[in-house]
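Hello,

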Amino acid sequence: MSFDPVLSQINGLSRHFTVETLRAYLLSRATRADNGCLLVRGYGDRRGAYQKLAGRAWAHIAAYVVFVGDYDPTLEVHHDCGTPDCIEPAHLRQRNRADNCRDRTQPPRCRNGHDREIDPATGRLRRVCRVCNRQAQQRWRERQAAEVAQARAAHGRHPS
């Protein structure tokens, strides 16, 4: 069996796939979401992230090649829906890196639900949530204090 030249453009793809078997494999590992996305389940248990499967190939790139076609390896595959583990062909398109980065937006809330603040120096949303950062620092200080108290107790000193 010879390797398909169309599939040879996908980095990390296992060589035993043909276009038809890769299409069937992707569809067998995907489920349809309520918002119309076709979410693929790749290696690992992390949801909402880019997925690798079929060797070490990115699922969204493999889906673009087999469902849409006309793949250009110099361009990036962009998700119009914003869901990284989506392989719905209608949600995928190719763009150059500059356009892909330019349209990337930061969510107005951090992953813990706090509102992001605007950085006065840049006029953009801060990358790090101040509330989450403050809470993480507080947890670190408490752990350090507990370790110091435990070390003092081990050496016969009473906590002061």
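Predicted model: local features only at pLDDT ≥ 70, side-chain atom pairs only at ≥ 80, totals over all residues.

Residues are numbered from 1 along each chain as its sequence is written, and side-chain values use heavy atoms, with hydrogens and water left out.

Helix α1 (residues 19–28) packs with helix α2 (residues 59–68) at an angle of about 130°, their axes being 10 Å apart, where helices are DSSP runs of H or I with at least four residues and strands are runs of E with at least two, numbered from the N terminus. Axes are lines fitted to C-alpha atoms, for helices over the stretch in contact, and angles run from 0 to 180 degrees between N-to-C directions. In contact (heavy atoms within 4.5 Å), Val19, Leu22, Arg23, Leu26 and Leu27 of α1 meet Ala59, Ala62, Ala63, Val66 and Phe67 of α2.

The structure also holds six salt bridges, each a side-chain nitrogen of Lys or Arg within 4 Å of a carboxyl oxygen of Asp or Glu. In one of them, Glu88 meets Arg32 at 2.5 Å, N to O; Glu88 lies in the loop between β5 (76–79) and β6 (92–95), and Arg32 in strand β1 (residues 30–32), 56 residues apart. Glu88 is buried at 15% relative accessibility, whereas Arg32 is exposed at 53%, buried meaning under 20% relative accessible area, exposed over 50% and partly exposed in between (1.4 Å probe, protein chains only).

Best wishes
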